[in-house]
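Colleague: Hi! I'm new to reading protein models. Could you walk me through this one?

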Amino acid sequence: MEAKEDIQKVQTEYKKNYDKRRKSHAEYQMFDLVAIKQTQFVADKKLNNKYIGSYKIIKVKRNGRYIVEKAADFEGPRQTSTSVDNIKLWKYVEEYE
């Protein structure tokens, strides 16, 4: 019985730490313009932008997943899926980069 209580205590602590850094997935809608985090290996990563875009959200999936499609002409995948952790609204990227 004591081991079960200890496991539940540790699981509760892990969940609290995980949720502290997790974004809400209710903030993006269909046809929002977003930038996605660049995940491909690049030779000079230090000088490249962390985010590429603009992408248009074409489908909202469950659990914070999105299907996005290019909305401009730039180097990157034409259509891809991504999670809420790897997305920023396009207007915020333009202001800070």
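Modeller: Happy to! In this chain, 42% of the contacts with a separation of 6 or more are between residues 24 or more positions apart; contact means heavy atoms within 4.5 Å.

Colleague: Before we go on, what kind of model is this?

Modeller: This is a predicted model, where local features need pLDDT of at least 70, side-chain atom pairs count only at pLDDT 80 or more, and totals for chains, interfaces and linings use all residues. Residues are numbered from 1 along each chain as its sequence is written, and side-chain values use heavy atoms, with hydrogens and water left out.

Colleague: Thanks! Which elements does the chain have, and how do they run?

Modeller: There are two helices and five strands, and from the N terminus they run α-β-β-β-β-β-α. Helices (H or I, at least four residues) and strands (E, at least two) are DSSP runs, numbered from the N terminus.

Colleague: And how much of the chain is buried?

Modeller: Buried residues make up 21% of the 97 residues. Buried means under 20% relative accessible area, exposed over 50%, and partly exposed in between (1.4 Å probe, protein chains only).

Colleague: Let's talk charges. How many salt bridges are there?

Modeller: The count is three, where a salt bridge is a side-chain nitrogen of Lys or Arg within 4 Å of a carboxyl oxygen of Asp or Glu.

Colleague: Why would such side chains pair at all?

Modeller: Because side chains of opposite charge can pair when their charged atoms come close.

Colleague: OK, which residues pair up with E13 and D19?

Modeller: E13 pairs with K16, at 3.7 Å from N to O. D19 pairs with K15, and their closest N and O atoms are 2.5 Å apart.

Colleague: Where do those two pairs lie?

Modeller: E13 and K16 both lie in helix α1 (residues 2-20), three residues apart, or about one turn of the helix. D19 and K15 also both lie in helix α1, four residues apart, again about one turn.

Colleague: Is K15 buried or exposed?

Modeller: K15 has 52% relative accessibility, so it counts as exposed.

Colleague: New topic: which residues form the positive surface patch?

Modeller: K59, K61, R62 and R65 form it. Patches are made of residues with over 30% relative accessible area and no salt bridge, with like charges joined within 9 Å and nonpolar side chains (Val, Leu, Ile, Met, Phe, Trp, Tyr) within 5 Å.

Colleague: Where does R65 lie?

Modeller: R65 lies in strand β3 (residues 65-70). At 33% relative accessibility, R65 counts as partly exposed.

Colleague: What does S83 touch?

Modeller: Leaving out residues up to four places away in sequence, S83 touches G64 and R65. S83 itself is in strand β4 (residues 79-83) and counts as buried, at 13% relative accessibility.

Colleague: Last one: what is the phi of F31?

Modeller: Phi of F31 is near 70°, a positive value in a residue other than glycine. F31 lies in the loop between α1 and β1 (33-37) and is exposed, at 58% relative accessibility.

Terms used. Accessible areas come from the Shrake-Rupley method with a 1.4 Å probe; for residues, only the protein chains shown count as cover. Lys and Arg count as positive and Asp and Glu as negative; His and the chain ends are not counted. The place of a charge is taken as NZ of Lys, CZ of Arg, CG of Asp or CD of Glu.
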